[in-house]
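Please walk through this chain starting from a single residue, then its helix, and then the rest of the fold.

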Amino acid sequence: MLDYLASLSTRYPALADVNWWQGIGIALLVVGIMEVVAIVSHKYVMHGFLWVLHKSHHEPRTGRFERNDWFGVAGAIPSMILLMIGTHYGLHMLTAIGAGITMYGAIYFFLHDILVHRRVKHSWNPQWGYMKRVVQAHRLHHVVETKHGTVSFGFIWAPPIRKLKAQLEADGRGRIRASAKMKAEMGMIDNAEHWAR
C-alpha cells in the first residue's frame with residue numbers, strides 16, 4: 001500500500017503539480033463543496049437514519065460533550081488522512097483537499113459551536129449582518145423539538161430569516177418548543193427583520 005501511495009505522484013502528476021495559489025483555490029472550493037455536503041447530510045442523515053446520534057444536539061446538553069460530536073470526529077478523520085498522505089508523499093492536491101475540509105471544520109466550529117451554541121463561553125452577540133443571520137437561522141433550526149419540520153440545515157449558508165419563518169409556518173409538522181427562552185429568541189428574531197432580507 002505504501003509503495004502504491006509513493007508511486008501516485010509519478011503515475012498521476014496532477015496530484016503533485018499544484019502550486020500555492022492553486023492549492024488555496026482548491027481548498028476554498030472544497031469549503032464550498034463541504035457546505036453542500038453538510039446541508040444534505042444534516043437534512044437526510046442527521047435528521048434521518050442517524051437521528052439517534054443527532055438528537056442529543058436538539059436536547060439540553062449535560063456535560064461537555066454530546067453524542068452528536070461523533071459527526072465532527074467522522075469529518076476530521078478523512079481530513080487528517082488526506083493531510084498526512086498528501087504532505088508525506090508530495091501529493092499537493094490531496095493536501096489542499098484535506099486543508100479545505102479542515103478549514104470548513106474550523107469555520108463550522110466558530111460559527112456553530114462558539115458563536116451560536118456558546119460551547120466556549122463569550123459575551124459577543126452579533127447585532128447586524130451575516131453573523132446575526134447565521135445565529136438566527138440556526139436558532140430557527142432548533143425551535144422545532146422533533147426531527148421533522150425544521151429549517152436551515154446549513155452551517156455557513158443562512159437563508160433569509162423571513163423565508164425560514166414562512167417555511168416553519170407552512171410545514172407545521174414539527175412541534176415548536178414552548179419554553180420561555182425559545183419564545184424570547186423568537187421575539188428577538190421577529191424584532192430583527194429590518195436587516196433580514
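Leu-111 is located in helix α5. In this predicted model, Leu-111 has a relative accessible area of 4%, and because the cut-off for buried is under 20%, Leu-111 counts as buried. Leaving aside residues up to four places away in sequence, Leu-111 touches Val-116, Tyr-130, Met-131, Val-134, Phe-155 and Ile-156. The pair Leu-111 and Ile-156 is separated by 45 residues in sequence, yet their C-alpha atoms are 7.5 Å apart in space.

Some of these contacts belong to the packing of α5 on α6. Two packed helices are described by the angle between their axes and the distance between the axes. For α5 and α6 the angle is about 75° and the axes are 11 Å apart. An angle from 65 to 115 degrees counts as roughly perpendicular, so α5 is roughly perpendicular to α6. On the α5 side, the contact is made by Phe-110, Leu-111, His-112, Leu-115 and Val-116. On the α6 side, Tyr-130, Met-131, Val-134, Val-135 and His-138 take part.

Helix α5 also packs against α2, which spans residues 20–49. The axes of α2 and α5 come within 7 Å and cross at roughly 50°, which makes α2 oblique to α5. The crossing of α2 past α5 is right-handed. From α2, the contact residues are Gly-23, Ile-26, Ala-27, Leu-28, Val-30, Val-31, Met-34, Glu-35 and Ala-38. From α5, they include Met-93, Ala-96, Ile-97, Gly-100, Ile-101, Tyr-104 and Ile-107.

A further partner of α5 is α4, residues 70–89. Here the axes come within 7 Å and cross at roughly 150°. Because angles over 145 degrees count as roughly antiparallel, α4 and α5 are described as roughly antiparallel to each other. Helix α4 passes α5 in a left-handed crossing. The α4 residues in contact are Gly-75, Ser-79, Leu-82, Leu-83, Ile-85, Gly-86 and Thr-87. Those of α5 are His-92, Leu-94, Thr-95, Ile-97, Gly-98, Ala-99, Ile-101 and Thr-102.

The nonpolar cores come next. The largest nonpolar core has 14 residues, and Val-134, Ala-137, Leu-140, Val-151, Ile-161, Leu-164 and Leu-168 touch the most other members. At least two residues of this core come from each of α5 (92–116), α6 (129–142) and α7 (161–171). Helix α6 gives the largest share, four residues. Another core, of five residues, lies apart from it, with Val-18, Ile-26, Ala-96 and Ile-101 among its members.

Taken as a whole, the chain has eight helices and zero strands. Its elements run α-α-α-α-α-α-α-α from the N terminus on. Of its 197 residues, 40% count as buried. Among contacts between residues at least 6 apart in sequence, 62% join residues at least 24 apart; the Leu-111 and Ile-156 pair has a separation of 45 residues. The chain exposes about 11,600 Å², of which carbon and sulfur atoms supply 68%.

Terms used
Residues numbered from 1 in each chain as written. Predicted model: local features only at pLDDT ≥ 70, side-chain atom pairs only at ≥ 80, totals over all residues. Heavy atoms only, no water. Core = buried A, V, L, I, M, F, W, Y, C linked by side-chain atoms within 4.5 Å. Buried < 20%, exposed > 50% of the residue type's maximum accessible area, 1.4 Å probe, protein only. Contact = heavy atoms within 4.5 Å. Areas by Shrake-Rupley, 256 points an atom, 1.4 Å probe, with all protein chains shown as cover. Axes fitted to C-alpha atoms, helices over the stretch in contact; angles between N-to-C directions. Parallel < 35°, antiparallel > 145°, perpendicular 65-115°, else oblique. Left-handed = near helix turned anticlockwise from the far one by under 90°.
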